[in-house]
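Subject: Structure handover

Hello,

Here is the structure I promised to pass on. My notes follow below it.

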Amino acid sequence: MLPGEGVNDYVRYMRTDELLDLQRTADQWVHPDELLFQITHQSTELWLKLAGAQLDRAAEHVAAGETGLAELLVQRAATALRLITEQLDMLRHLTPADFNRIRPALGNGSGAESPGWQGLRKAARRLGREFDARLEADGADLRSLYLGDPTTALYRLAESLVALDERIALWRTEHYKIATRIIGHAVLGTQGTPVDTLARLIAQKLFPKLWQIRTEITKGYGS
Ligand code: HEM
């Protein structure tokens, strides 16, 4: 048996006792759907932790000139974002009335304070800086990259960053639709943010220059 607490090696290695003890219990619930609500958020935090860690590793690989490895790690982060987008669907089982019963239990807590979300964005910004430095070190710029061979490692990495940005926008779209489905429009979130500002965030970009270059190319063709 592995060292530590737990009835078998699976329980010890996966630390399932601690993990399954992280949800409020029936005697603490204001409503049984707290379990659905907490598990949706907690599992999102885990995937976001993984995504952020992949982007940190990717940034290190870009700095070391290992662009292909970085691309694979960015793809993993994008997969994690797809998974957390899909699991938002679980919240469609939560009625507006039941969520409003649960809401006081959250205090001022909001997903906007999510450590996983903040960690992901921090790691992505670091990766963006490393990407810019790599481009410069290669004596290239975005224009030459995007008018050049799309099969080069740096072009592929740039496209994986674009895919990641798209995944974030898709998560934000789904999150906005679900938030308004549950609490409606023209109301405030637990952080006091008007819910409809979530729609504006969909257009926010982590790698704006990779989108701007597309605009410039299109305009260069006279559109
Ligand atoms: C009942 C379901 C949900 C509702 C009604 C809701 C509502 C909101 C609202 C109104 C905001 C704006 C800030 C505020 O005032 O709170 C927000 C932000 C946010 N929420 Fe949720 N949310 C829900 C589920 C989730 C889930 C499952 C997650 C996953 C961790 C999450 C993560 C976030 C994040 C990351 C932000 C910042 C938004 C951004 O940067 O685009 N939310 N949410």
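What percentage of the 223 residues of the chain count as buried? The figure is 17%. Here a residue is buried if 20 or more other C-beta atoms lie within 10 Å of its own, exposed if 12 or fewer, and partly exposed in between, with C-beta atoms placed from the backbone.

Two points on reading this. The model is predicted: local features need pLDDT of at least 70, side-chain atom pairs count only at pLDDT 80 or more, and totals for chains, interfaces and linings use all residues. Residues are numbered from 1 along each chain as its sequence is written.

Overall fold

The chain has ten helices and zero strands. Helices (H or I, at least four residues) and strands (E, at least two) are DSSP runs, numbered from the N terminus. The C-alpha trace spans about 65 × 55 × 25 Å along its principal axes. Take the contacts between residues at least 6 apart in sequence: 72% of them join residues at least 24 apart. A contact means C-beta atoms, placed from the backbone, within 7 Å.

Around the ligand

The shell around the ligand holds 25 residues. Ser110, Gly111, Gly189, Gln191 and Thr193 come nearest. A residue is near a molecule or strand if its C-beta atom, placed from the backbone, lies within 6 Å of it. Helices H3 (34-63), H8 (153-183) and H9 (197-201) each supply at least two shell residues. H8 gives the largest share, six residues. By class, the shell has twelve nonpolar, twelve polar and one charged residues. Nonpolar covers Ala, Val, Leu, Ile, Met, Phe, Trp, Tyr, Cys and Pro; charged covers Asp, Glu, Lys and Arg; the others, Gly among them, are polar.

Helix H4

H4 covers residues 67-87. Its 21 residues, at 1.5 Å a residue, should span 30 Å, and the end C-alpha atoms are 31 Å apart, which agrees. The expected span is 1.5 Å times one less than the number of residues. The buried residues of H4 include Thr67, Glu71, Leu73 and Ile84. The buried residues of H4 pack against H3, H6 and H8.

Glu130

Glu130 sits in helix H6 (residues 115-137). Glu130 counts as partly exposed because it has 19 C-beta neighbours inside 10 Å. Glu130 touches Ala59, Val62 and Ala63, leaving aside residues up to four places away in sequence.

Best wishes

How values were computed: Two residues are in contact if their C-beta atoms, placed from the backbone, lie within 7 Å.
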